[in-house]
Amino acid sequence: MTITEDMHQAILQLPDRVWEPAYDAGAPVRPGAWVAELTGLLDLSSWPARMRVIVRKERPHPGAQLRFTDVGGHRVTCFATDAITGQLADLELRHRRRARCQDRIRCAKDTGLRGLPLHGFAQNQLWCERVAMACELTAWMAMLALDGPARGWEPKRLRLRLFTAAGRLARGGRRLRLRLAATWPWATAFTTCWQRLNTLPAVT
């Protein structure tokens, strides 16, 4: 959510003792990141009942540009929730994990849902199902067969680096082989992905 001036002033009033360590995606404590609650310092009378505002601050990575609303050299973000139970770090981690759903929706729009290309309702319905299936297959492929930063590659980057790989088909020993350039930067990622997908059990 957008950090307003009231939120910015409330963050400045928070003492150091109320900041709790934030969690990483794997649940351990994330170094250089903390969370705190702003609910009692804001006027939320016009908001729905039981709403809470939680703030997260983190040391920016080297070279990152700080924004005007960042406080004390830390990157600051806020979100609202109606969850009344749970530790702040758990709620913040759950919120960040849900943000991946928004990324998937954005990628689906960029892939083929920005505009419906066909005329009939049934035809566009089939088109949407195909796009959804392609996005799901891409997400599962990245999760099962890729490592490190490659697991976070979006469809455009996957298409550039893996799906349009330049190679040559060679036959020999009654086998068909795909030969890739040894100097290609993503040759290892491609071959590892291919081998892992081939070892997955077939679904019938």
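Buried means under 20% relative accessible area, exposed means over 50%, and partly exposed lies in between, with a 1.4 Å probe and protein chains only. By that definition Trp-184 is buried, at a relative accessible area of 18%.

## Basis of the model

This is a predicted model, in which local features need pLDDT of at least 70 and side-chain atom pairs count only at pLDDT 80 or more, while totals for chains, interfaces and linings use all residues. Residues are numbered from 1 along each chain as its sequence is written, and side-chain values use heavy atoms, with hydrogens and water left out.

## Sheet

Helices (H or I, at least four residues) and strands (E, at least two) are DSSP runs numbered from the N terminus. Two strands pair if DSSP finds at least two bridges between them. On these terms, four strands make up an open sheet with antiparallel pairing, in the order β1-β2-β3-β4. The edges are β1 (20–23) and β4 (75–81); each has a single partner strand, so one side of each is left without a neighbour in the sheet. From one strand to the next, the twist averages 35°; axes are lines fitted to C-alpha atoms, for helices over the stretch in contact, and angles run from 0 to 180 degrees between N-to-C directions.

Helix α2 (residues 88–113) packs on this sheet and touches β1, β2, β3 and β4, where contact means heavy atoms within 4.5 Å. The direction of α2 makes about 30° with that of β1.

## Strand pairing

Strands β1 and β2 run antiparallel and are joined by three bridges. Opposite Tyr-23 stands Val-29 of β2.

Five bridges connect β2 (residues 29–37) with β3 (residues 52–58), again in the antiparallel sense. Ala-33 has Glu-58 of β3 as its bridge partner, and Trp-34 stands opposite Lys-57 of β3.

## Aromatic rings and charges

Rings of Phe, Tyr and Trp (its six-membered ring) pair if their centres lie within 6.5 Å; planes under 30 degrees apart count as stacked, over 60 as edge-to-face and the rest as tilted. The structure has two aromatic pairs. One of them is the edge-to-face pair of Trp-184 and Trp-186, with 6.2 Å centre to centre and 80° between the planes. Trp-186 is partly exposed, with a relative accessible area of 24%. Trp-184, Trp-186 and Phe-190 belong to one aromatic cluster.

A charge sits over a ring if NZ of Lys or CZ of Arg is within 6 Å of the ring centre and within 35 degrees of the ring normal. The charged end of Lys-57 sits over the ring of Trp-19, 4.4 Å from its centre. Arg-161 lies over the face of Trp-153, at 4.9 Å from the ring centre.
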